Amino acid sequence: VGAPKAAAVDAYVEQAVVRPGPEFAAVQRRAEEGGLPAIEISAAQGKHLELMVRISGARQVLEVGTLAGFSTLWMARALDDGGGIVTCEVEPHHATVARANLDAAGVGEKVDIRLGSAEQTLQSLVEEVRTGTREPFDLVFLDADKAGNPRYLELVMEMVRPGTVIIGDNVVRDGGVLEADSDDPDIQGIRRFLTMQGEDPRLEATAVQTVGAKSWDGFSLAVVTRG
Ligand code: DHB
Ligand code: MG
C-alpha cells in the first residue's frame with residue numbers, strides 16, 4: 001500500500017534535507033546485529049520529532065517504546081544540557097542495545113532507559129510528578145504496544161502541563177484504523193486512543209497520514225490546552 005514512489009521520495013528527502021549523521025546508521029546496524037525488528041520510524045520522521053522538540057522548547061521528554069533508541073537519539077539531539085529523556089522499554093535486550101547506541105552517539109547522559117512494563121513505569125513517574133520530585137513532561141512520544149495506548153494516555157495526562165505536546169506513532173496502520181469491529185487489540189487501542197484525544201476537553205488533537213519507506217501510517221499530534 002502507499003504511493004509507488006513513496007520510498008524513493010523518502011530517500012530523496014533524506015539526502016536533500018534530513019541529512020542524518022553516521023550515528024543513525026550505526027544505531028540501525030547495531031539493531032540489525034542484535035536481531036531487533038526493523039520497525040523504527042524513518043529518518044524523515046525522526047527529524048520531524050527532533051524539530052517538534054525544538055519548536056516546543058521541550059526540556060523533559062517522555063518516550064514509551066525505546067526499541068534500539070533510534071527515535072530517542074533524534075529527540076535527544078534537540079535537547080540542551082539540562083534536558084532529558086525518560087524512555088520506557090519492556091525487553092531487556094532492546095534496552096541493552098539502546099544503551100550502547102545512545103552512549104556511542106554521545107547522548108547517553110541525557111537518556112534514562114526504564115526497563116519494565118510501560119504501565120508500571122508510567123505509574124511510578126506519575127508518583128514522582130505528583131510528589132514534586134520530577135517536573136511534568138513537555139513532550140511525549142507513544143510508540144510501544146498500541147493496545148496499551150489508552151492506558152498510557154490516561155497516565156500521561158497526569159504528568160503534563162498546558163503546552164505539553166503528545167505524539168503517537170502508527171495511528172493509521174495501512175487503513176486498519178477504520179476497522180471498528182477489528183479483533184486486533186492494537187487497532188482497538190489506536191481507535192480508543194484517538195477517540196479519547198478527540199473527546200478530552202484538555203486536548204486539541206489531530207492525526208496526519210504518512211507514506212514513505214515505512215508504508216502507509218500516521219502520527220497523532222495533540223497539545224494540552226488546559227490542566
Ligand atoms: C510495529 C510497531 C511500530 O511501532 C511501528 O512503527 C511499526 C510496526 C509493529 O508492531 O508491527
Ligand atoms: Mg512505531
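Strands β6 and β7 are joined by eight bridges and run antiparallel. Here two strands count as paired if DSSP finds at least two bridges between them, and the elements are DSSP runs numbered from the N terminus: helices are H or I with at least four residues, strands E with at least two. Within this pair, L203 has V224 of β7 as its bridge partner. Six residues lie between the strands of the hairpin, where G212 has a positive phi near 150 degrees.

Before going further, a word on the model: it is predicted, so local features need pLDDT of at least 70 and side-chain atom pairs count only at pLDDT 80 or more, while totals for chains, interfaces and linings use all residues. Residues are numbered from 1 along each chain as its sequence is written, with chains lettered from A and ligands numbered from 1 in the order in which they are written.

Which way do β5 and β7 run relative to each other, parallel or antiparallel? They are antiparallel, joined by four bridges, and I166 stands opposite A222 in β7. Strands β1 (residues 60–64) and β4 (residues 139–142), by contrast, run parallel and are also linked by four bridges. There, E63 has F141 of β4 as its bridge partner.

## Helices on the sheet

Contact here requires C-beta atoms, placed from the backbone, to lie within 7 Å.

On the α7 side the contact involves N149, P150 and L153, and on the α8 side G189, I190, R192, F193 and M196. By class, the contact has five nonpolar residues, two polar and one charged. In this scheme Ala, Val, Leu, Ile, Met, Phe, Trp, Tyr, Cys and Pro are nonpolar, Asp, Glu, Lys and Arg are charged, and the others, Gly among them, are polar.

Helix α3 (residues 43–56) spans 20 Å from first to last C-alpha with its 14 residues, close to the 20 Å expected at 1.5 Å a residue; the expected span is 1.5 Å times one less than the number of residues. Its buried residues include A43, L49, M52 and V53, and among the elements covering the buried residues of α3 are α1 (6–18), α2 (22–33), β1 and β4. After α3 comes G57, with a positive phi near 70 degrees.

Helix α1 has 13 residues, yet its end C-alpha atoms are only 16 Å apart, short of the 18 Å that a straight helix would reach. R19 follows α1 with a positive phi near 45 degrees, in the loop between α1 and α2. R19 counts as exposed because 9 other C-beta atoms lie within 10 Å; the cut-offs within that distance are 20 or more for buried, 12 or fewer for exposed and partly exposed in between, with C-beta atoms placed from the backbone.

D169 sits in the loop between β5 and α8 and is buried because it has 26 C-beta neighbours inside 10 Å. Leaving aside neighbours within four places in sequence, D169 contacts I41, L142, D143 and F219. The loop between β5 and α8 also holds R173, whose phi is positive, near 50 degrees, in a residue other than glycine. R173 is partly exposed, with 19 other C-beta atoms within 10 Å.

Note on methods:
Two residues are in contact if their C-beta atoms, placed from the backbone, lie within 7 Å.
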